[in-house]
Amino acid sequence: MRWEKLGRLFCPTGDIEWMRSHATMPIAEHVSGDLFKIYFGSRDASQRSHTGYVIVDLSSPARILEVARSPVLVPGSLGEFDDSGALASWLTVAGPTRYLYYVGWNLGVTVPFRNAIGLATAPADRSFSRFAAGPLLDRSMTEPHFVGSCCVLHEAGLWHMWYTSCVYWSPSVNGPNHRYHIKYARSDDGIHWRRDGRVAIDFASEQEYAISRPAVKRDGELWRMWYAYRGESYRVGYAESADGLNWTRLDHAVGIVCSESGWDSEMIEYPFVFDHGGQRYMLYNGNGYGKSGFGLAVLV
Amino acid sequence: MTRSRFKRAGLVCRPGGSPWERSHCQNPFAQRLGNEKYRIHFASRDDSNRSRGGWAEVTATADGLTQTARSERPSLDIGQPGTFDDSGAMPGCLVDHEGRLLLYYTGWSLTRTVPFTFAIGIAESRDGGRHFDRLSEAPVLGRNHYDPLLAGAPWVVVEDGNFRMWYVSGLRWEVDPEGKNAPIHYYTVKHATSRDGMNWTTNEHVCLPFHEGEHAIARPVVQRTDAGYEMLYCARRLGETYRVYRASSVDGNHWERDGVPLLDTSASGWDCEMVCYASLLHTAGASFLLYNGNGYGRDGVGAAILEP
């Protein structure tokens, strides 16, 4: 497996108030022909994530055809689970409805932040609205800290979710350090989720402290997952599974690494994998958790 | 219902003074120990304003309550960093159910866009109520579809094997228009149900809608009556302080609020600025109202005797 980088697609120029910086956690939605709408999270001057999009032509992906004038998703009201950021994580289509699962941000005092998963829904072609003022998935009896970025697949009446789950915060001289990995949840309707603590991708070593942004593809009997993992800095990882539940990490075989210089030279993370025109593509972030924008790669 | 009259009996217990109990004996409620002995549970605060569970044992006579023993260490400690109760664990009520002694409590988190949030946790005692261990590091009822902001101040009753909870839920926060003070919370009492005491079902129904100018209705304490249910709670308007009120209900969902306070402030002393967080203690000789005064219970637990 080898990914050929096609270069950076987009990075905010800073002239839009809600999109001062970052284009984090890209999601591709097919529009028509070779046109794709790419959703991502951008930050305003106060570092609050808003979800926006650009429209790109995949046949000449250097060309941005349109940049969202207003955000698709904005932070929630004061005191709500997403009052400090609403960062889209996954788009799932079921029947006439599109489900945009997103990461809601709260800022804390004893620890710097706490995330929960929210949902916004939209009929085809229409704009998204929040499903509820409260979170869809929050910390639970078995996950007392937080849950975050997720991937949701809907097939044969069953909804699967792979999601980031924090195990603990540990104190350090630089403040608390989080540790999170990827767990699995299941649902009949995409709204009510059952969690039994099943771990999908676990830490490979003591040094590893963050595994996030799962992106799952099913190729017949083989389930594939890409994700971001880090000890020192983020890399894109890869795992395979026969059932979507039990995974084998094959990070060495992922076939994409940091560049020697440029926007994705320090880290690569938050992969999103999609197919189009007989090819498999990966959107991903580079340096600064999306601060340097996102790029595109193709499987060769 | 005729209006109740109370004779104030003064402070029953004061903050212990050790590092975890520098101030406050907040949210008092009684556990019956037998032979006219009771344990009054409450929350005390350390120098960082973090609440932990504590208690005082008292002996009751018709004239008052006399303290006989105190918790030497917290009966319920705060949680690990990052958990919902890492900045405070405030006992709410006891449930003696199928041989288990359960404590529902309010866990406090500090936040930055608003000053705090809270959620409801559960703990269990294996020594008759002296100490409690949390059953989970996570809340049993936190923010959810119908309670997007906060949930706290639990009062749980088991009826025919079903659990009912009256609790405080946030409706909104409002920014101070002048930007000088922290955002103002708007919360009041709601009702939730559960079959196992762990998994709770909530809805949008508000038990006690605000009267004009009110922004906080807190600490519901519910008991059965011949006609249905009676609730003690406290309420305050913007810029004012808590008073203790009563409401009555046939079904526990729909409530009629009394118009005037059950207990008002006194002319001077530890409860002259506010009275709040009341619960009832029925003993052989008398019925007592346990309550807090100024500063949300800063000076300790007070008692008032219900006059026959």
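Reply: E10(A) and E11(A) form a hairpin with two residues between them, and Ala156(A) in the turn has a positive phi of about 50°. The model is a predicted one, in which local features need pLDDT of at least 70, side-chain atom pairs count only at pLDDT 80 or more, and totals for chains, interfaces and linings use all residues. Residues are numbered from 1 along each chain as its sequence is written, while chains are lettered from A and ligands numbered from 1 in the order in which they are written.

Me: What makes strand E10 and strand E11 of chain A a pair?

Reply: Two strands (DSSP runs of E, at least two residues, numbered from the N terminus) pair if DSSP finds at least two bridges between them. Strand E10 (residues 147–155) and strand E11 (residues 158–170) of chain A have seven bridges, in the antiparallel sense, and therefore pair. Within this arrangement, Cys150(A) stands opposite Tyr163(A) in E11(A).

Me: Why is His24(B) called buried?

Reply: A residue is buried if 20 or more other C-beta atoms, placed from the backbone, lie within 10 Å of its own, exposed if 12 or fewer, and partly exposed in between. His24(B) has 25 other C-beta atoms within 10 Å and is therefore buried. His24(B) lies in strand E2 (residues 23–34) of chain B, and its phi is near 70°, a positive value in a residue other than glycine.

Me: How do you know whether Glu98(B) is buried or exposed?

Reply: Glu98(B) has 9 C-beta neighbours inside 10 Å, so Glu98(B) counts as exposed. Glu98(B) lies in the loop between strand E6 (89–97) and E7 of chain B.

Technical notes
Helices (H or I, at least four residues) and strands (E, at least two) are DSSP runs, numbered from the N terminus.
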